[in-house]
Amino acid sequence: MSIFNKISDILKANINDLLDRAEDPEKMVKQIIIDMEEQVRDATEALGQAMASEKQAYAQLENAKRNSKEWEDKAKLAINAGNEELARKALTSKVEVDKNVQALQASYDQIAAQTSELRSRVEVLRQKLEEARQRQNMLIARAKMAEATENVATAMTNTDPNSALSKLDKMERKVADKEARAEAFAEMSGETVFAKDEFAELETNQAVDAELQRLMREMNGGI
């Protein structure tokens, strides 16, 4: 029965609680499966031993019953032969054998009950193992998702979003300042060019007027 004392921890264990305490949930789940498989093997071996004991006890019981029947048949034979004394001796042996039959019957009933209990518990353990195998991939996937979520949360905790946004705002202001200065320089450059064009036009007009006056004087005979 000690084998099932070891198994009880696994049968009563909450796998999710074990995962909470595990540093590496994936390894923990695989180890749980390995441990349960080992317990199933041990339990199956214990059940096999119990079944063998039950079979042996049954054989001893049946042999004692046959022995009792043989002494009863001998007593009948002696009675038919008119030998009551011999019949009494045969029945005395039968009574002794019947006491052994009763003891063997009690022993067999106890062994059979224990074997039945072992068989039921082994079946429960096998079902638990199958359930654990079916849940293995799901639990590993959940553990990985929890780890990923934790990593994201840790990253967000270690990073100050307000600080990051402030840096972006500062950079945006710098870019805007550069854009404003560039635009101002462009406007100033345009105005300078425009002013230069006006002065050049004014000079040209004055030269044209001077030439016009000169030609007119010459055509009027220098007047």
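Reader: How many salt bridges does the count come to?

Author: This is a predicted model, in which local features need pLDDT of at least 70 and side-chain atom pairs count only at pLDDT 80 or more, while totals for chains, interfaces and linings use all residues. Residues are numbered from 1 along each chain as its sequence is written, and side-chain values use heavy atoms, with hydrogens and water left out. A salt bridge is a side-chain nitrogen of Lys or Arg within 4 Å of a carboxyl oxygen of Asp or Glu. By this rule, the count of salt bridges is 9.

Reader: In which helix do both Lys76 and Glu72 lie?

Author: The side chains of Lys76 and Glu72 form a salt bridge, with N to O at 3.7 Å. Helices are DSSP runs of H or I with at least four residues, strands are runs of E with at least two, and both are numbered from the N terminus. The two residues are 4 apart, about one turn of the helix, and both belong to helix H3.

Reader: Why does Glu72 count as partly exposed?

Author: Buried means under 20% relative accessible area, exposed means over 50%, and partly exposed lies in between (1.4 Å probe, protein chains only). Lys76, with a relative accessible area of 44%, is partly exposed. Glu72 counts as partly exposed because its relative accessibility is 28%.

Reader: How many residues apart are Glu72 and Lys94?

Author: Side chains of opposite charge can pair when their charged atoms come close. Glu72 forms a salt bridge with Lys94, and the closest N and O atoms are 3.8 Å apart. This pair links distant parts of the chain, since Glu72 is in helix H3 and Lys94 in helix H4, and their separation is 22 residues.

Reader: Is Lys94 buried or exposed?

Author: Lys94 lies in helix H4, which covers residues 84–158. Contact means heavy atoms within 4.5 Å; leaving aside neighbours within four places in sequence, Lys94 is in contact with Ser68, Trp71 and Glu72. Because its relative accessible area is 15%, Lys94 is buried.

Reader: Which residues do salt bridges that share partners join into one network?

Author: Another salt bridge, between the side chains of Lys99 and Glu96, has N to O at 3.7 Å. Lys99 and Glu96 are 3 residues apart in helix H4, about one turn of the helix. Through shared partners, salt bridges make one network of Glu72, Lys76, Lys94 and Asp98.

Reader: What percentage of the residues of the protein chain count as buried?

Author: The protein chain has 5 helices and 0 strands, and from the N terminus on its elements run α-α-α-α-α. Among contacts between residues at least 6 apart in sequence, 83% join residues at least 24 apart. Of the 223 residues of the protein chain, the share that counts as buried is 20%.
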